[in-house]
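Subject: Structure handover and notes

Dear colleague,

Below I am passing on the structure that we spoke about, together with my notes on it. Please keep the view open while you read, so that you can follow each element as it comes up.

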Amino acid sequence: MDRKKIPGVFWEKLQNFLFGRLYMELLLAVLFSLGMAFGIFWICQKGLYAGSDYILDNTQYESENNREKYAELQEFVQDKGLASTDYTALSRWCKRRQPLSFGILEEGRVVYDSDWGEIEAGQELWDYAGWYMLYTLEFADGAKQVYFEAYPAYKLYALANYFSLGLGGLFFVLFFTKLIQRKIGYIYQIQRGIRCLEQGDLHYEIPCKGRDEIGHLATALNDMRRALHSQITEKQRAFAANRDLITALSHDLRTPLTTQMAYLEMLGKGRFRDGQERDKYLEKAISTCGQIKDMSDRLFEYFMVFDKENLPISHLETVDALALFGQFVEEYVWILEEESFSFSIQMPEEGHYPISVSTAYMSRIFDNIFSNIRKYGDNSQEVRLRVQVLAGKVLFHISNGILEQPSRGDSAKIGLKNVEKMMDLQGGRFRAERQGERFCLYLAFPLAGNGA
């Protein structure tokens with residue numbers, strides 16, 4: 001690989017890895033939103049901390065807050081008539097106003113602390129004088145020296161944390177929503193496309209965006225829409241063709257039927273001058289029968305080929321293959337011999353080989369095969385018929401010479417497709433091929449039982 005192409009290939013693979021999976025896109029959106037939210041939280045927190053420090057250092061907020069809390073404690077003690085030993089009531093009041101530190105001194109020793117409760121004799125805490133300012137509090141049993149600190153800075157910092165956290169969370173939601181908004185909108189587009197398909201609008205093209213699963217889903221829906229549209233169009237075209245064919249054949253059938261009825265009516269009523277005119281009328285009637293048969297065969301063949309569903313088949317009958325083939329061969333060979341065709345026939349002399357077939361379909365198959373030989377076969381070459389039994393199957397092989405320029409027009413192979421379909425419906429197999437100047441057909445039927 002060219003080294004100059006490596007960065008491009010690597011970048012393409014990286015893009016496919018990062019943006020080719022929906023969960024990776026969501027993960028990246030979450031990580032980006034978290035990063036931006038944390039940055040906003042950190043900036044906001046630092047700014048509010050700085051503002052809090054400024055308030056605490058340059059105003060009387062801290063000392064005024066302490067004095068207010070101290071005055072509130074003094075009022076509580078006087079209203080309740082508390083003594084300096086009512087530690088339980090004092091602890092409840094302090095807990096409701098956290099953060100707060102409060103202690104009572106007796107002869108310079110701490111006897112009560114709001115966090116530790118009653119202090120036993122000999123138990124030393126810390127050098128309170130170095131940490132707190134001392135006040136005098138009036139109790140019911142006399143004035144006592146106390147230390148008191150309301151920690152207003154903690155409240156400012158807590159408010160700063162809560163506000164920063166809330167602002168960061170808000171921006172996380174905003175960033176994440178903005179990142180997935182396009183994806184959600186794209187899902188709505190696909191949903192609208194599906195509704196259009198449900199309503200029968202097969203021309204609506206769902207836009208294909210991205211390389212993830214949603215983009216692949218849109219592509220698959222478009223492929224399905226095009227396939228469905230193609231199938232419906234093909235069905236409509238086939239239906240129109242069949243309708244036109246039936247209309248044309250119905251119209252064409254009227255002429256030979258009318259002619260045939262007229263000749264038969266004249267023959268029936270004896271309206272002819274002599275035997276020669278009678279034979280002429282009879283020949284015309286027979287000729288129109290052939291035209292009607294050709295037209296009905298064409299109609300059946302087109303119906304077999306273009307119908308997408310299997311044609312209904314009557315129940316299969318178990319018959320002897322040799323007897324059935326012999327009957328059809330005898331029926332059609334003499335007709336072709338009248339048109340100067342010669343035959344070479346090879347069949348087993350004896351044996352019983354049962355096969356399950358529809359006699360109606362078999363009549364159609366052999367009629368089609370021998371009609372094709374009569375239309376497109378070369379009567380100067382021998383027609384070869386051979387029946388064999390091999391590997392549990394009865395094989396029927398027919399080959400004939402091919403006219404260089406068929407007098408009746410080239411075959412559209414509708415008849416062969418017709419034969420193939422009828423063979424499939426009976427569980428058999430059919431194959432047609434050209435070998436040099438000869439055309440060969442192979443029909444295979446599975447044995448219904450053990451041949452004798």
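An open sheet is formed by 5 strands in the order β7-β9-β10-β12-β11, and its pairing is mixed; two strands count as a pair if DSSP finds at least two bridges between them. Strands β7 and β11 (429-435) stand at the edges of this sheet with a single partner strand each, so one side of each has no neighbour there. Direction ignored, neighbouring strands of this sheet are turned by 15° against each other on average. The helices and strands named here are DSSP runs numbered from the N terminus, where a helice run is H or I with at least four residues and a strand run is E with at least two.

Before going further, please note that this is a predicted model, in which local features need pLDDT of at least 70 and side-chain atom pairs count only at pLDDT 80 or more, while totals for chains, interfaces and linings use all residues. Residues are numbered from 1 along each chain as its sequence is written, and side-chain values use heavy atoms, with hydrogens and water left out.

Helix α8 lies across β7, β9, β10 and β12 (438-446) and runs at about 175° to β7.

The loop between β9 (383-390) and β10 (393-401) holds A391, which has a positive phi of about 50° although it is not a glycine. A391 is exposed, with a relative accessible area of 81%. In the loop between α8 (321-337) and β7 (343-346) you will find S340, whose phi is near 75°, again a positive value in a residue other than glycine. S340 is exposed as well, at a relative accessible area of 52%. Here buried means under 20% relative accessible area, exposed means over 50%, and partly exposed lies in between (1.4 Å probe, protein chains only).

Another open sheet has 5 strands in the order β3-β2-β1-β5-β4, with antiparallel pairing. Its edges are β3 (117-118) and β4 (134-139), each with a single partner strand, so one side of each is left without a neighbour in the sheet. Strand β1 (residues 101-106) pairs with β5 (residues 142-149) in the antiparallel sense over 5 bridges, and the bridge partner of L105 in β5 is Q145. Helix α3 (residues 61-80) lies across β1, β4 and β5, running at about 20° to β4. In the loop between α4 (87-95) and β1 sits P99, and a cis peptide bond, with omega about 0°, joins Q98 and P99.

As for the whole protein, there are 10 helices and 12 strands, and 34% of the 452 residues count as buried. Among contacts between residues at least 6 apart in sequence, 67% join residues at least 24 apart.

Best wishes

Key:
Contact means heavy atoms within 4.5 Å. Axes are lines fitted to C-alpha atoms, for helices over the stretch in contact, and angles run from 0 to 180 degrees between N-to-C directions.
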